Amino acid sequence: MCSYAPVSPYQEQLGAKGYEDILLPSGEFVKQQNAQCLQCHHLGEGFKYQSTEIHKELACTNCHIDISEFPHLATVEVGQRANKNGFGQVSSARKHFTGASYSCITCHDKEYADFLSDSHGRALFEQANFKAPLCTDCHRRHNPFSKQDLRSRVYPVNIPKTCVRDCHAGIEELVLRDSTASGQVVYESSPEEAYFESGHWKALKYGMVNSAQCVSCHTAHQILGPDAPQSSINMANRIQTCGQKSCHPQTNANFVQAAGHAIPSRHKRAVLFYAKKLFSLLIWTVFSLLAVYISMDAYKRLRKQR
Amino acid sequence: MVNDKRQPGKHRPAHRTFLRFPLKHRIMHWIFALSFIVLALTGLPLRFDGLAFLIPVFGGIVVVHRMHYVAAAGLSAVFLFHLLLDVIPLLRRIYAKVSGLEISLLLKCKRFWHAIPLLPHGKDLEDVRELILYYCNVVQSKPQFDRFNVHHKFGYLAVFWGMPVMMLSGLAMLKPMWVTRLLPGDFVLLAKLAHSEEALLAIGVIFVWHLYEVRFPFVKRMLTGRLSEEEMMRHHPLEYQRILRQRARQLRTLPTEPAEGGLEESSQ
């Protein structure tokens, strides 16, 4: 378990029991309590919270755990309190969200356990890298829709945009440039672009919801680099990953080598890299010869007609 | 065949036409063209994200895939029929004439290569040179062409090279598990690359060059399959002269043999 891993105050109180044991306030009580909050917070996101479908039986204070009396602390102080609980250096912009993620743990302890050991969680808790995502970066704060809901950020078709839009647009290139000793850039352009050119994405976008998106291969809360032995994209585990029931059940060891969206380069998949160069050379040669021929022929023809 | 013995004088042809594309080839051409258009229209949106808006226009990804497969079957069938009906019989005909000769010797023989009309011959190199001189205004006339000129040969060989590439790479993409049972996974990626790049090449060549070359009234020529005598004299003078020589020979020695090369000529 990581050193920075926070423990929810709920879990402290309850002796780390499962969320089934937490008595959630429900029905009229919640409505009354939330109405109190919404007297002031009716203009912001809190107002939208009323329309949400999941979490509708939760009170505001179930997630905003630091708020127990009125008048309550400002959000900055909530962040500072979270900081004290072990989040290390919190940049000011992330303080609020760090505090918010912190209360998801209470119920979603299974996802949290996975998250602790995956790349995102480790970046957050071990390296205190506050660019790493919290729960609320992928799941909406006040309107968490079900993943079957078209409006959800984690609806399969929306996942690639959720992952790429804010974070993974070109991030691999930077990370790899830092991490390789020689300073080589392994990818020549963003591999996410390669995903959006792929058949998986087009199938996903235009009617095959089963088609692979980021989470299908990288998992949702157990994301690990290809070298980690438990990683779903480790060569040893790829047969299971690609061979999921709705994907390629008859997969084999050779096939899974081709999976992924790395851009071929001189260092990686050199055959493909040079084949691509060769084909573009062929195409440009043929097309420029044709352009020269056609323009000369057309010119001759026009001269003759006059 | 020569039709001069049919009521001489009465129906003397006002203008003669020459059969260039027999019915078999015309049917094959139009199946090929239709399949090619469908393949291009369904393949481009699958390749380029910028054209992907066409996918819902055709009715979703599944429909686009099916259309692509059906059209690919059409294209492949035409290619295989061309091999079965044209290429293999030609090679057998040539081989029957020289049976007994060793293949290695045969391949060295110049006349063997000249018997296959769509292969590049020595004359084509000269034609290219003369064409360049013509376009540079050095000489005033184009070289004299036979039945198939440099352009035809280039186009035909491009298709002949492209078809196996497209068929094999397409099959590798359709059934990647078959391929990877024996070969490493990079072959699937290579197939993907080859399929899309070769397709781009083909689409460019067909829609720009081919349509430029055939021009107006291109559909009519491929529907009737005939060239007028004037077109024949202008575009295929060597073939025209050969047909005339052949006819003269046939007239001298009353026709017992069919004309060479499967060429037919009729009067209207």
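I took buried to mean under 20% relative accessible area. By that cut-off Asp297(A) is buried, because its relative accessible area is 3%. I note that the model is a predicted one.

**Entry 1: the charges around Asp297(A)**

I looked up the partners of Asp297(A). Arg301(A) forms a salt bridge with Asp297(A), with the closest N and O atoms 3.0 Å apart. The two residues both lie in helix 17 of chain A, 4 residues apart, which is about one turn of the helix. An α-helix has 3.6 residues a turn, so residues three or four places apart point the same way. Arg301(A) is partly exposed, at a relative accessible area of 29%. From the other chain, Lys142(B) meets Asp297(A) in a salt bridge of 3.9 Å, N to O.

**Entry 2: other salt bridges**

I then examined Glu230(B) and Arg234(B), whose side chains meet in a salt bridge at 3.6 Å, N to O. These residues are 4 apart in helix 11 (residues 229–235) of chain B, about one helical turn. Arg234(B) counts as exposed, at 56% relative accessibility. In chain A, Arg151(A) pairs with Asp149(A), the closest N and O atoms being 3.1 Å apart. Here Asp149(A) is buried at 14% relative accessibility, whereas Arg151(A) is partly exposed at 48%. I recorded 13 salt bridges over all chains.

**Entry 3: the interface**

I next turned to the contact between chain A and chain B, which takes 34 residues from chain A and 42 residues from chain B. The two chains bury about 3,500 Å² between them, 67% of it on carbon and sulfur atoms. I found 3 salt bridges across this interface.

**Entry 4: the nonpolar cores**

The largest nonpolar core has 14 residues; among those touching the most other members are Val286(A), Leu290(A), Tyr135(B) and Val205(B). Helix 17 (270–305) of chain A, helix 6 (122–135) of chain B and helix 9 (186–214) of chain B each supply at least two residues of this core. Helix 17 of chain A gives the most, with 5 residues. I checked Val205(B) beyond its neighbours within four places in sequence and found contacts with Val286(A), Phe287(A), Leu290(A) and His210(B). A second, separate core of 11 residues includes Leu39(B), Ala40(B), Ala71(B) and Met163(B).

**Entry 5: helix 3 of chain B**

Lastly I followed helix 3 (residues 61–97) of chain B, whose 37 residues reach 53 Å from first C-alpha to last, close to the 54 Å expected. The helix has a kink of about 35 degrees, centred on Leu83(B).

Definitions and conventions
Residues numbered from 1 in each chain as written. Chains lettered and ligands numbered in written order. Predicted model: local features only at pLDDT ≥ 70, side-chain atom pairs only at ≥ 80, totals over all residues. Heavy atoms only, no water. Core = buried A, V, L, I, M, F, W, Y, C linked by side-chain atoms within 4.5 Å. Buried < 20%, exposed > 50% of the residue type's maximum accessible area, 1.4 Å probe, protein only. Contact = heavy atoms within 4.5 Å. Expected span 1.5 Å × (residues − 1). Bend = angle between axes of the 7 residues up to and from the residue. Buried area = accessible area lost by both parts, 1.4 Å probe. Salt bridge = Lys/Arg side-chain N within 4 Å of Asp/Glu carboxyl O.
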